[in-house]
Amino acid sequence: MAKPGHAWSRAAAEQGEAEEGEDPLDAMIARTGCLEQHRRLQECMAERQDWRHCQEQLRAFGACMARRQQRER
């Protein structure tokens, strides 16, 4: 089973940000330290097909990203 991911963006591909086969958005999220929360959210949404059923994962990802923003300030 393929892991969930995002489509390649032309800008990221042109900039050479990601290695071949690596999703540029996943690479960016990995740099935030929130990749595990993001993957859990993606898995839930792939399984449930409705983001409303994934509120716990959505809150965890949002909280992780908010913590990162606080650290950057």
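Which residues in H2 meet which residues in H4? In this predicted model, local features need pLDDT of at least 70 and side-chain atom pairs count only at pLDDT 80 or more, while totals for chains, interfaces and linings use all residues. Residues are numbered from 1 along each chain as its sequence is written, and side-chain values use heavy atoms, with hydrogens and water left out.

Helices are DSSP runs (H or I, at least four residues) numbered from the N terminus, and contact means heavy atoms within 4.5 Å. Ile29, Arg31 and Thr32 in H2 meet Phe61, Met65, Arg68 and Arg71 in H4. By class, this contact of H2 with H4 has 3 nonpolar, 1 polar and 3 charged residues, where Ala, Val, Leu, Ile, Met, Phe, Trp, Tyr, Cys and Pro count as nonpolar, Asp, Glu, Lys and Arg as charged, and the others, Gly among them, as polar. H2 packs against helix H4 (residues 55–72) at an angle of about 60°, with the axes 10 Å apart; axes are lines fitted to C-alpha atoms, for helices over the stretch in contact, and angles run from 0 to 180 degrees between N-to-C directions. H2 and H4 are therefore oblique to each other, given that angles under 35 degrees count as roughly parallel, over 145 as roughly antiparallel, 65 to 115 as roughly perpendicular and the rest as oblique.

Between helix H2 (residues 24–32) and helix H3 (residues 35–48), the packing angle is about 135° and the axes lie 8 Å apart, which makes H2 oblique to H3. Here Asp26, Ile29 and Ala30 in H2 meet Leu35, His38 and Gln42 in H3, a contact with 3 nonpolar, 2 polar and 1 charged residues.

A disulfide is a covalent bond between the sulfur atoms of two cysteines; with a cut-off of sulfur atoms within 2.5 Å, the count comes to 2 disulfides. Cys34 is joined to Cys64, with an S to S distance of 2.0 Å, and the torsion about this S-S bond is about -90°, so the disulfide is left-handed. This pair links distant parts of the chain, as Cys34 is in the loop between H2 and H3 and Cys64 is in helix H4, 30 residues apart. Both Cys34 and Cys64 are buried, a term for under 20% relative accessible area, against over 50% for exposed and in between for partly exposed (1.4 Å probe, protein chains only). The other disulfide joins Cys44 to Cys54 (S to S 2.1 Å), and Cys44 and Cys54 are buried.

Definitions and conventions. Helices (H or I, at least four residues) and strands (E, at least two) are DSSP runs, numbered from the N terminus.
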